[in-house]
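Let's take a friendly walk through a fold, from its strands to its ligand. Please keep the viewer open as you read.

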Amino acid sequence: MGLEQARIINLPKIGDPRGNLTFIEGQKHIPFEIKRVYYLYDVPGGESRGGHAHYKLEQLVIAASGSFDMILDDGKQKQRFHLNRSYYGLYIPKMLWREMDNFSSSSVCLVLASMMYDESDYIRNYDEFIRVVNGHG
Ligand code: TYD
């Protein structure tokens, strides 16, 4: 599972002078069924989040408001994605290390997840992540 599967998905946008609307249906606009939704908000300036990978979890990450960066790492290479539109979703497949930084003030990071919360699905140690990626986990 490598970085090449991570991608920005251009979500449907219904433009309207009264305000824009974007919607997401599991298995249709994104390649998984949505089991959980969570969001990050009130992130202090200069703060970073993430610092882990997941054995099985797939996610779609959206800058619902404001902007931030997501850095993905498959153990061989890293890619930085700047999320700054409410209709862009970054699809994150399983087994990528992720870090988030560069949060703008009042930004909201909305996450759609393929599984319920399960701490045993996390890899929180980078050296362990590298061992697992290389098949020695
Ligand atoms: P974590 O995923 O480590 O946050 P981030 O990657 O954004 O830095 O989660 C932070 C804390 O919140 C951790 O103690 C687990 C808890 N948590 C839940 O209980 N349920 C959830 O769905 C999520 C995402 C986190």
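This is a predicted model: local features need pLDDT of at least 70, side-chain atom pairs count only at pLDDT 80 or more; totals for chains, interfaces and linings use all residues.

Residues are numbered from 1 along each chain as its sequence is written, and side-chain values use heavy atoms, with hydrogens and water left out.

Start with the open sheet, whose five strands follow the order 8-7-10-5-12 with antiparallel pairing. Strands here are DSSP E runs of at least two residues, numbered from the N terminus, and two of them pair if DSSP finds at least two bridges between them. The edges are strand 8 (78–83) and strand 12 (122–123), each pairing on one side only. Strand 12 meets strand 5 (residues 49–54) over two antiparallel bridges, and Tyr122 is the bridge partner of His54.

Now look at strand 9 (residues 88–92): four of its five residues are buried, so this strand is largely enclosed by the rest of the structure. Buried means under 20% relative accessible area (1.4 Å probe, protein chains only). Strand 1 (residues 7–10) runs antiparallel to strand 9 and is joined to it by four bridges, with Arg7 partnered by Tyr91. Strand 6 (residues 59–65) is also antiparallel to strand 9, again through four bridges, and there Ile62 stands opposite Gly89.

Finally, turn to the ligand. A polar side-chain atom of Arg36 lies 2.4 Å from a ligand oxygen; for Arg124 the distance is 3.0 Å and for Arg49 3.2 Å.

Note on methods
Buried means under 20% relative accessible area, exposed over 50%, partly exposed in between (1.4 Å probe, protein chains only). A polar contact is a pair of N or O atoms within 3.5 Å; within protein, one must be able to donate a hydrogen and the other to accept it, and residues adjacent in sequence count only if both atoms are side-chain atoms.
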